[in-house]
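Please consult the sequence and the structure shown here.

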Amino acid sequence: MQTTAAVRGLSCTACGESAELSAHRCPDCGGVLVVDFDADRVDSAADAHPFPPGATVSIDEGATPLVAVSELADELGVESVAIKDEGRNPTGSLADRKFALAVAAAVQGGADRVGTPSTGNGAQSAAAYAARAGIDSKGVVPTRCPFLNKAMVNVHGGDMYVVEGRYEDAVDAFGEGDEPLTPVAPGHPFRIAGGTALALELLADREGAPDAVVHPTGHGETAVGLQRGFALAVDAGLTDAVPRIYAAQPDACAPIAAAVTDGAAEPVPVEHPDTIVGPLEVPDPVTGAAAIDAIDASGGDGVAVEDKSILQAAVDGCEMGPEIGATGGTAVAGARALADRGAFDAADEVVLVNPVAGSKEADLLRSHLMSQGM
């Protein structure tokens, strides 16, 4: 596989063993693999891209705006709040950072078809990047996946399979397929590297690290990537400290937040998940244990918030800053809950991540407003 000089290889977050760049899981223990970067070869955020220009698959993802939200800063009692608006990516979600890298790795490995189970946005993004690379894709989604995602998988030329039930049913169905493909499923090391890219871009946006980052969390991939990106920047001398990372989840499906709060090493799968925030309804997160370690290493925490609070926070967020949907509203509601319990200091500079474009979840916000007679 053709990588930049900064890439040393893959390593396991569970046992520490090295693995070939083509591996998806640790060959020794089955643990989550991550991309290792050589800090001595990283002089800027651009140096930590894993692939050279000729080996990339890109639709100009990244370079998303960091929008100051002074009204929310005043409400939370902190120095500043800004929203990193990942909804501005090509297919409208943070998933684009992940699939740009995961599909590029698959193509370099000779793949002519990639596939993933998904709550929706991942399947859409995988289809878009596979089409860009000139290969086929397969997305397996649950029935509750938004129509927009289903339609766009097909528009991008991908094969889309809808499974009765919820996300875990889609995971089971994906595993049953016998047709040849290269998986770019949750937990893929280059998907996690998309979170590392987000961390380094945040530092470049701000010319330094914030004190805290609140991220709506499903599988926990981005939490792992964020922590590793900030730690790499510290080792490379690009910043002084790793921000506290807070995993915000709906309380009806909060396995990572609950585990972090309880001091557990691994999340307990949620038996009956039931949240209106579909992208975050991940009851058994693949990178859960690695995410818990990353959050703990950053000095952060987990926070679980009710759907009602999430929807209102999304509406409030749209009035105060960029358009966000229910997924992004989870960060706003989470930040409010964290402030209420004293997690922030008055001098803190806080960044909230909006992973999904608000327009993708407009029906949820409109239903919420209609329920209030508006």
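Q: Is Phe51 buried or exposed, and at what relative accessible area?
A: This is a predicted model, in which local features need pLDDT of at least 70 and side-chain atom pairs count only at pLDDT 80 or more, while totals for chains, interfaces and linings use all residues. Residues are numbered from 1 along each chain as its sequence is written, and side-chain values use heavy atoms, with hydrogens and water left out. Buried denotes under 20% relative accessible area, exposed over 50% and partly exposed the range in between, with a 1.4 Å probe and protein chains only. Phe51 is therefore buried, its relative accessible area being 3%.

Q: How many aromatic pairs does a search of the whole structure find?
A: Rings of Phe, Tyr and Trp (its six-membered ring) pair if their centres lie within 6.5 Å; planes under 30 degrees apart count as stacked, over 60 as edge-to-face and the rest as tilted. With this criterion, the number of aromatic pairs found in the whole structure is two.

Q: How are the rings of Phe51 and Phe190 arranged?
A: A pair of aromatic rings is described by the distance of the centres and the angle of the planes. For Phe51 and Phe190 the centres are 5.1 Å apart and the planes are at 25°, so the pair is stacked.

Q: Which parts of the chain does the pair of Phe51 and Phe190 link?
A: Helices (H or I, at least four residues) and strands (E, at least two) are DSSP runs, numbered from the N terminus. Phe190 is buried, at a relative accessible area of 1%. The two residues are 139 residues apart, and the pair links the loop between strand E3 (33–37) and strand E4 (66–68), which holds Phe51, with helix H6 (residues 189–206), which holds Phe190.

Q: How are the rings of Tyr246 and Phe344 arranged?
A: Tyr246 lies in strand E11 (residues 244–250) and Phe344 in the loop between helix H11 (326–340) and strand E13 (349–354), 98 residues apart. Tyr246 and Phe344 are buried. Their ring centres are 5.9 Å apart and the planes are at 85°, so the pair is edge-to-face.

Q: What is the orientation of H2 and H6 to each other?
A: Axes are lines fitted to C-alpha atoms, for helices over the stretch in contact, and angles run from 0 to 180 degrees between N-to-C directions. Angles under 35 degrees count as roughly parallel, over 145 as roughly antiparallel, 65 to 115 as roughly perpendicular and the rest as oblique. Helix H2 (residues 95–108) packs with H6 at an angle of about 135°, the axes being 7 Å apart. H2 and H6 are therefore oblique.

Q: Which residues outside its sequence neighbourhood does Glu86 contact?
A: Glu86 is found in the loop between strand E5 (80–85) and H2, and its relative accessibility of 0% makes it buried. Contact means heavy atoms within 4.5 Å. Leaving aside neighbours within four places in sequence, the contacts of Glu86 are Thr64, Gly92, Ser93, Leu94, Arg97, Leu198, Val353, Asn354 and Pro355.

Q: How far apart in space are the C-alpha atoms of Ala314 and Leu365?
A: Ala314 lies in helix H10 and counts as buried, at 0% relative accessibility. Ala314 is in contact with residues including Leu365, neighbours within four places in sequence being left aside. Ala314 and Leu365 are 51 residues apart in sequence, and their C-alpha to C-alpha distance is 7.4 Å.
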